[in-house]
Amino acid sequence: MSRIAEGRLRSIEVVEDLTAESRCDEGFLRLRRLRLRNHYQDGARSAVYPCDVLSRPGSDAVVAVLYEIDGARRVRVLLRDAPRAPVYLRHAKRFVHPDPRVYLSLMELVAGLVEESDGSGEIGLCRRAAIEAREEAGVSVPAEGFRVLGGESFASPGTSDEKLRFCCAQTDLAEASAGDGDGSVMEEAAQLVTLELAEAIEACRSGAIPDLKTELGLLRLADHLGYLPQLRCFVDELPPALAARHSRLGIAPHR
């Protein structure tokens, strides 16, 4: 079957539903179906309760925030607009709060699963970010060109043990070109979008870009750069008295 890399998604067909005959410990996503009991410091114990834990290979993921600053000091960021089957299939479900949208695609920051071959520590994270930038956006940035944006964050701690880790790199976004990602059908039909940083954050807040990791990554980038998206200016453009009051909240400064 031929692949149509440039085509935009029209629909996704469920060819077969294997849920009823599948084990929860097989497939790309693994589900541990557990019964747990809490033990408290005063010696008390809770009632036994059910808990499902969802895991992916490697569990953790890196989000790569790719950006550029032009001569007018405008900050632009790169997003990847691609189909996401799980959110597309929402249209067949009913929700307490109705969602009339059909998600033919979703804009997100470049991201990918950590692999054991990446190595540990910050250099390992940056190495994975560099690989994902090359695979998903055609951008060649060495691992040394990335900076870690603060600490890690759980993606959905009520159901998953996955942590997200954030890195950023400055690059020439004009060189970006949508690649095939990992080569799977899940990564097909992607397009790249460049937005001004404040515009992208506003789109996250309004729901036009309904992706938590993207909103968090963009806000961390703004803090890293000392950029104030509401004012569309850098801290060093503020009056000295105001600039002196600014502090980055747990994010290393841009260098």
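**Close-up 1. Helix 3 and helix 4 packed together, at an angle of about 145°.** In this predicted model, helix 3, which covers residues 197-206, lies with its axis 9 Å from that of helix 4, and helix 3 passes helix 4 in a left-handed crossing. On the side of helix 3 the contact is made by L197, A200, I201, C204 and R205, while helix 4 contributes T214, E215, L218, L219, L221 and A222.

**Close-up 2. Helix 4, residues 212-225, and its surroundings.** The 14 residues of helix 4 reach 20 Å from the first C-alpha to the last, which is close to the 20 Å expected at 1.5 Å a residue. Eleven of these 14 residues are buried, so helix 4 is largely enclosed by the rest of the structure. Helix 4 is followed by G226, a residue whose phi is positive, near 70°.

**Close-up 3. The aromatic pair formed by Y227 and F234.** The count of aromatic pairs comes to one, and this pair, made by Y227 and F234, is edge-to-face, with 5.1 Å from centre to centre and 70° between the planes. Both Y227 and F234 are buried. The ring of F234 also has the charged end of R73 sitting over it, at 4.2 Å from the ring centre.

**Close-up 4. R90 over the face of F95.** Here an arginine is again placed over an aromatic ring, with R90 lying 4.0 Å from the ring centre of F95.

Note on methods:
Residues numbered from 1 in each chain as written. Predicted model: local features only at pLDDT ≥ 70, side-chain atom pairs only at ≥ 80, totals over all residues. Heavy atoms only, no water. Phe/Tyr/Trp six-rings, centres within 6.5 Å; stacked < 30°, edge-to-face > 60°. Buried < 20%, exposed > 50% of the residue type's maximum accessible area, 1.4 Å probe, protein only. Lys NZ or Arg CZ within 6 Å of the ring centre and 35° of its normal. Helix = DSSP H or I, 4+ residues; strand = E, 2+ residues; numbered from the N terminus. Expected span 1.5 Å × (residues − 1). Axes fitted to C-alpha atoms, helices over the stretch in contact; angles between N-to-C directions. Left-handed = near helix turned anticlockwise from the far one by under 90°. Contact = heavy atoms within 4.5 Å.
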